[in-house]
Protein chains: 2
Amino acid sequence: MNRLHPDSLIEQQKDEILQGLIEFVRFPSISTDPEHRPPLRACADWLRDRLTSIGIEAELRETGGHPAVVGRSEMHADRPTLLIYGHYDVQPVDPLALWNTDPFEPVLRDGRLFGRGASDNKGQIWAHIQAARLFHMTGTPLPANLVFLIEGEEEIGSPHLTPVVEALAKEYQFTSVIVSDTGMPGPGQPALTNGLRGLAYFEVVLTGANTDLHSGIFGGAVPNPAQALTHMLAACKDPQTGRILIPGFYDDIEPVSEKERVSIAGVPFSDKAFQEQLGLAALEGEEGFSSLERRWIRPTFDINGLTSGFQGEGAKTVIPAEARCKVSMRLVPGQDPDGVEILFRSFLESIRPPSIQMEISVIHGARPYHLDIDHPLVEAGLQALKAGFGVEPVIIREGGSVPIVQTFKQVLGTETLLLGLGLPDDRCHAPNEKFELDNLWAGIRTSVDLLYRLGQG
Amino acid sequence: MNRLHPDSLIEQQKDEILQGLIEFVRFPSISTDPEHRPPLRACADWLRDRLTSIGIEAELRETGGHPAVVGRSEMHADRPTLLIYGHYDVQPVDPLALWNTDPFEPVLRDGRLFGRGASDNKGQIWAHIQAARLFHMTGTPLPANLVFLIEGEEEIGSPHLTPVVEALAKEYQFTSVIVSDTGMPGPGQPALTNGLRGLAYFEVVLTGANTDLHSGIFGGAVPNPAQALTHMLAACKDPQTGRILIPGFYDDIEPVSEKERVSIAGVPFSDKAFQEQLGLAALEGEEGFSSLERRWIRPTFDINGLTSGFQGEGAKTVIPAEARCKVSMRLVPGQDPDGVEILFRSFLESIRPPSIQMEISVIHGARPYHLDIDHPLVEAGLQALKAGFGVEPVIIREGGSVPIVQTFKQVLGTETLLLGLGLPDDRCHAPNEKFELDNLWAGIRTSVDLLYRLGQG
């Protein structure tokens, strides 16, 4: 059987591969915004047609939300079946004013593609799609049966995906799942991610009087929900030690093995470079842990948004009727979003002033994930990365969440191999997101190599 | 000399008076918003023409900002000269969604006029303009020379008015100033205001990283300016005692005489009704003081606005690069905005985390004001209110600021008589602002009576 050697093919196909990715990024597929339904669907249609054109028979699966794109290669009973997961939806673009170029008019510059979703996740899933395309265009047999699942609701917590995965579980017997939706520690340093943090994301709304009040006429004698919000949020975290003060928050955390802490300590990382890259006067975090440990194996408490009262130019002397915040906690193995919700609600309730009314909504939740470093998938992934990048990879964890990985484990019974192609400075979720083309080419090579390692022969 | 008896005249002129006020409120004269320059000037032109048509020779005085309208009656050397001050600019209207009717399409309902500026300050200054009009239409000699000063920048701290007042000081010798821009304790209870709180209004901007960051990838190892903001603002006030914790904040406050505290205790006021009117689960304020004292003779610390990170629907997992707040303190005699600024800056600087950069801007400042209750103006004002409302008035203070009153004292050397026509539920600065027509009629009667008391004869 012919074996596919991707290097010269990629070289020859570069323009074609890039043009496709630019078309992909051009769709403003912002899943959190109801007004973007039409471009999301257009993006899904486009993906379906692209997959079909490279021998991956694809269709849209309706979910009640944004559709999922599901595609399958020719199925052969003697080959293992791999699920390749990605998402075509993207984060919102605000603050739009901080973008140097239109987030949905991708720009190529200095070996990078700039645009919302270029790295998270369109560029990364594109690497796997292009690997499949190289097999197809050269008529090389695929060493494994491939099922692509590319959803449209990852950035809003994949609320409708479980039934789609359940249906796939009935149709196929998967041996493993491949996801590129994580990151590398730095340029040219490939990495396999064996752990993800979970997430518990809330909105808290505090209400005082039934209307905004004049701060002169009423000030001093009425509660101020914005002030109450600062007191309640400040009480959640010790600014000196970086410890989260919600009672019970740390109780169920599983200890991290010494072997893993040693492995983490061996990952090249410079606090100084990290700090400089972010333009920070100082770093900050939980006492007793390194920066990588703070990002990978420790939970967080972060305010993601604050809004109350007058936010325009100049002065408006109001006591706001309402104050809102978006607040989220990253979770580590042993914690789960439901348990954290109970602790968070009961703590806030215990410190809520009697003059203030409170409403807490769960916006998003995800369980943490951990793949044992002695699992055979880990070795296959490391070898494929080495083949793709030409460099020895490291094992890392990731601070972010890919909630669906938990679903795969529970519904399909399979572990997930996380081979991230993003860089720390890709500005995912921020203005001027970009994707390194070097990682696209290396990603395609890695994908091809991995199919051989996990496939038959 | 004929004396003007306004009762039947007002009855006969009601429609005309109201139509004029409706025209006045219709101008969207929001001074804080640069986009509203044209309607501010149109409003000033309209006022000038209205004054001129009732025998008050008026003109626009350019200030570098929004113009001031200055009008003068015929001047007679044997009559005292009174300055009647008001403002034609209004507060912003946001949140617009909470208005039941268009803020600039005034609606008459149940004896009230609804619209932005109906009470603050268009309706109140209208009472004095209409008093002058009754003298003019009946050919009754004015007992005093009148100078109207109606400015367009009160809601933004009157930044350009001092030169206008300085010019007036050279043109006229004023015996006193009359201002209706304060409030009454309740319907049918007229009041003279002998004290105003000052104001120190700031914007604080905290900055962390040079861009918004993904809360999963970075969370735990980087500072969060929104979190720092909550810690710093929470540190400014003790939520239990209601005491402001900025060191030195209370040091220079002048003690309030026992006579005034007794007078305040005699002002009819119900905590229960106050709480119910505002829809509050509980009242809140500084320990050891009544609600009225908290609003009149004690300083405050209030957050007027918070803004940071993601504020839209759904979830966005960012660590904001920036967090902003608008925060203001109401000041009482002995305090001044410059001194408070020094204390506030140095306190925030002392608690600022090293990882966070901070910028503090002064948005607005005003000194407090106090008129001794034994001053002869007080007696004249009380008598005029009694004549206008037919009810015994009370002496109150006001929690809000009318910064220009300090300027009058310093530049003109005269005290100011504050005869407020607003009610606590007028929703000044909030959605659905309204003005009680009963207070308009009583205000006209009061103004006429006061001119005789302060005038010649």
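These are my notebook entries on a predicted model with chains A and B.

**Ground rules.** I number residues from 1 along each chain as its sequence is written, and I letter chains from A and number ligands from 1 in the order in which they are written.

I looked up how chain B can be laid on chain A: a turn of 180 degrees and a shift of 0.0 Å along the axis give an RMSD of 0.0 Å. That is the relation of a two-fold axis. The superposition is by least squares on the C-alpha atoms of residues with pLDDT of at least 70 in both.

**Chain A, elements and size.** I found 12 helices and 18 strands in chain A; these are DSSP runs, helices being H or I with at least four residues and strands E with at least two. The C-alpha atoms of chain A fill a box of roughly 85 × 50 × 45 Å along the principal axes.

**Burial.** I looked up cover next: 63% of the 457 residues in chain A are buried, meaning under 20% relative accessible area with a 1.4 Å probe, protein chains only.

**Contacts.** I took contact as heavy atoms within 4.5 Å. Of the contacts in chain A between residues at least 6 apart in sequence, 80% join residues at least 24 apart.

**Surface.** Chain A exposes about 16,300 Å², and carbon and sulfur atoms supply 48% of it; the areas come from the Shrake-Rupley method with a 1.4 Å probe.

How values were computed: Predicted model: local features only at pLDDT ≥ 70, side-chain atom pairs only at ≥ 80, totals over all residues. Heavy atoms only, no water. Buried < 20%, exposed > 50% of the residue type's maximum accessible area, 1.4 Å probe, protein only.
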